[in-house]
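Subject: Structure handover

Hello,

Here is the structure I said I would pass on. Please open it alongside this email and follow the residues as they come up.

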Amino acid sequence: MAVRNTADRGNFNPEVVLPYELRFEDFALAMQDVYDFFYDVNELLISKALIRFDDMLRPANMSGMLSDMLTASLAKHSRTLTQNAYFNGHPDLVLNGVYPHNSVKAGTEGIEIKTTRKKGGAVDTHGARDQWMCSFVYVVDGETEPTHNRAPMTFTEVYLGKVMEADFRDNPRGRLGTRTSTLHKLGIAKLRENWVYRV
């Protein structure tokens with residue numbers, strides 16, 4: 001049987017600084033929306049003796065999907081933020097009414113959403129820039145046997161910080177590689193200072 005996960009309100013940081021009128025409840029509801037989706041899908045898959053959605057998805061696919069789901073859900077629950085209507089635009093969430101049609105290729109007012117399995121929230125980006133960055137860390141139980149006893153996907157950390165271009169380092173790439181940047185040691189420390197949620 002599938003297990004429905006829940007976001008624990010007791011794990012939020014009472015000292016965190018939240019921009020754009022964000023509230024703990026916005027994050028809790030966004031995580032809960034994802035948990036409910038996984039529960040519904042896994043309940044159906046398990047009832048047909050199929051493998052869980054968590055086990056089906058490759059890590060990169062899962063991170064991309066979770067980022068999209070959290071972006072959409074935070075936009076739904078937030079008082080001031082909405083999804084960037086520009087395809088693949090930056091940031092993922094923009095301040096409502098600042099950009100024409102809430103669409104911008106590369107804006108400064110809003111929040112970029114990232115997800116990762118890396119403890120501590122470090123994640124690759126497609127370029128260093130000044131931005132509010134939000135990193136959701138999640139874990140997937142891929143080891144418990146039998147598989148129907150596996151724990152549901154769980155968000156364990158959420159970080160939200162204002163980082164600057166100078167906080168990034170460029171990653172080396174081969175001739176066919178895509179240019180990426182990652183927060184360097186001091187940059188990731190800055191992001192982690194403003195933690196939102198930790199299990």
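Below are notes on the overall fold, the sheet, the helices and the salt bridges.

This is a predicted model, in which local features need pLDDT of at least 70 and side-chain atom pairs count only at pLDDT 80 or more, while totals for chains, interfaces and linings use all residues. Residues are numbered from 1 along each chain as its sequence is written, and side-chain values use heavy atoms, with hydrogens and water left out.

Overall fold

The protein chain has four helices and eight strands. Helices (H or I, at least four residues) and strands (E, at least two) are DSSP runs, numbered from the N terminus. Along the sequence the pattern is α-α-α-β-β-β-β-β-β-β-α-β. The radius of gyration, taken over C-alpha atoms, is compared here with a globule rule of 2.2 Å times the number of residues to the power 0.38. For the protein chain the radius is 17 Å, close to the 16 Å that the rule gives for 199 residues, so the chain is as compact as a globular protein of that length. Its C-alpha atoms fill a box of roughly 50 × 45 × 35 Å along the principal axes.

Of the 199 residues, 48% count as buried. Buried means under 20% relative accessible area, exposed means over 50%, and partly exposed lies in between (1.4 Å probe, protein chains only). A contact means heavy atoms within 4.5 Å. Among contacts in the protein chain with a separation of 6 or more, 55% are between residues 24 or more positions apart.

Six strands form an open sheet in the order 1-2-3-4-5-8, with mixed pairing. Strand 1 (81–83) and strand 8 (195–198) are at the edges with a single partner strand each, so one side of each has no neighbour in the sheet. From one strand to the next the twist averages 20°. Axes are lines fitted to C-alpha atoms, for helices over the stretch in contact, and angles run from 0 to 180 degrees between N-to-C directions.

Two strands pair if DSSP finds at least two bridges between them. Strand 4 (residues 131–139) pairs with strand 3 (residues 110–116) in the parallel sense, over six bridges. To see this in the model, find T115, which stands opposite F136 in strand 4, and T116, which stands opposite V137. Strand 4 also runs antiparallel to strand 5 (residues 154–163), and nine bridges join the two. There, Y138 has F155 in strand 5 as its bridge partner.

Why is strand 4 largely enclosed by the rest of the structure? Eight of its nine residues are buried, so the rest of the structure largely encloses it.

The helices

Helix 1 lies across strand 4, strand 5 and strand 8, at about 140° to strand 5. Helix 4 (residues 185–193) also packs on the sheet, touching strand 4, strand 5 and strand 8, and its direction makes about 110° with that of strand 5.

Helix 3 (residues 59–77) has 19 residues and spans 27 Å from its first C-alpha to its last, close to the 27 Å expected at 1.5 Å a residue. The expected span is 1.5 Å times one less than the number of residues. Buried residues in helix 3 include M62, L66, L70 and L74. An α-helix has 3.6 residues a turn, so residues three or four places apart point the same way.

Salt bridges

The structure holds ten salt bridges, a salt bridge being a side-chain nitrogen of Lys or Arg within 4 Å of a carboxyl oxygen of Asp or Glu. Among them is the pair D36 and R4, at 3.1 Å from N to O. This pair links distant parts of the chain, with D36 in helix 1 (residues 24–47) and R4 in the segment before helix 1, 32 residues apart. D36 is partly exposed at 24% relative accessibility, and R4 is partly exposed at 42%.

D33 forms a salt bridge with K76, with the closest N and O atoms 3.3 Å apart. D33 is in helix 1 and K76 in helix 3, so the pair ties together parts 43 residues apart in sequence. D33 is partly exposed at 27%, whereas K76 is exposed at 58%.

The side chains of D55 and R150 also meet in a salt bridge (3.1 Å, N to O). D55 is in helix 2 (residues 53–56) and R150 in the loop between strand 4 and strand 5, 95 residues apart. D55 is partly exposed at 26%, while R150 is buried at 11%. Salt bridges with shared partners join R52, D54, D55, E145 and R150 into one network.

Regards
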